[in-house]
Amino acid sequence: MPNKTLKALLILALAGCGAAQTETIGSVDTVFKFIGPDHKIVVDAYDDPKVAGVTCYVSRAKTGGIKGGLGLAEDRAEASISCHQTGAITISAPLPQQEEVYSERASLLFKRLRVVRMLDVPRNTLVYMTYSDRVIEGSPQNSVTAVPVPRSTPIPVKK
């Protein structure tokens, strides 16, 4: 393998190291497409990479058909999020007041689905919001959820 190709593969592999891992939980078909995959609603699980014991479930539209099958379609902006404590919550390092914890492509070039974590320190709660954006104009459609952290585990805030 040429040296430049190896370097490019290594850079791509390292670029994904800090991202939240995705696990597809399931999906339902919403529109039958004769050619290509059907339109669907997909439910994915994302473990917060910096907060052990918190998992977010995001449901979103996935466009099918020929364009969807080739990865050229633009998915709709609507998404829903529900985050829950799925184990003992541990936060190993201080967290910024607001941070993107997940981002996924929703069209070939210009649109992304994002999940942002915000801290509600007075209530010792983690707030998660999902939305989609575009290079030119984003969508105001969003969904929000909150995970209360036990008072015995104060949220450390990055200064």
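**One aromatic pair, and the core**

A search of the whole structure turns up one aromatic pair. The partners are Tyr46 and Tyr102. Their ring centres sit 4.0 Å apart, with 40° between the planes. That makes the pair tilted, because planes under 30 degrees apart count as stacked and over 60 as edge-to-face. Keep in mind that this is a predicted model.

Where do Tyr46 and Tyr102 lie in the chain? Tyr46 is in strand S2, residues 39-47. Tyr102 is in strand S5, residues 98-105. They are 56 residues apart, so the pair links distant parts of the chain. Buried or exposed? Tyr46 is buried, and Tyr102 is buried too.

Now the overall layout. The protein has two helices and eight strands. From the N terminus, the order is α-β-β-β-α-β-β-β-β-β. Of the 159 residues, 34% are buried. Take the contacts with a separation of 6 or more: 48% of them join residues 24 or more positions apart. The accessible surface is about 9,800 Å². Carbon and sulfur atoms account for 60% of that surface.

On to the core. In soluble globular proteins, nonpolar side chains tend to be buried together. Here the largest nonpolar core has 21 residues. Which of them touch the most other members? Val51, Leu126 and Tyr128 do. At least two core residues come from each of S3 (51-62), S4 (79-91), S5, S6 (111-120) and S7 (125-134). S4 gives the largest share, five residues.

Last, Val51 itself. Leaving out residues up to four places away in sequence, Val51 touches Ile89, Thr90, Ile91, Leu95, Arg117, Leu126 and Tyr128.

Conventions
Residues are numbered from 1 along each chain as its sequence is written. This is a predicted model: local features need pLDDT of at least 70, side-chain atom pairs count only at pLDDT 80 or more; totals for chains, interfaces and linings use all residues. Side-chain values use heavy atoms; hydrogens and water are left out. Rings of Phe, Tyr and Trp (its six-membered ring) pair if their centres lie within 6.5 Å; planes under 30 degrees apart count as stacked, over 60 as edge-to-face and the rest as tilted. Helices (H or I, at least four residues) and strands (E, at least two) are DSSP runs, numbered from the N terminus. Buried means under 20% relative accessible area, exposed over 50%, partly exposed in between (1.4 Å probe, protein chains only). Contact means heavy atoms within 4.5 Å. Accessible areas come from the Shrake-Rupley method with a 1.4 Å probe; for residues, only the protein chains shown count as cover. A nonpolar core is a set of buried Ala, Val, Leu, Ile, Met, Phe, Trp, Tyr and Cys residues joined through side-chain atoms within 4.5 Å.
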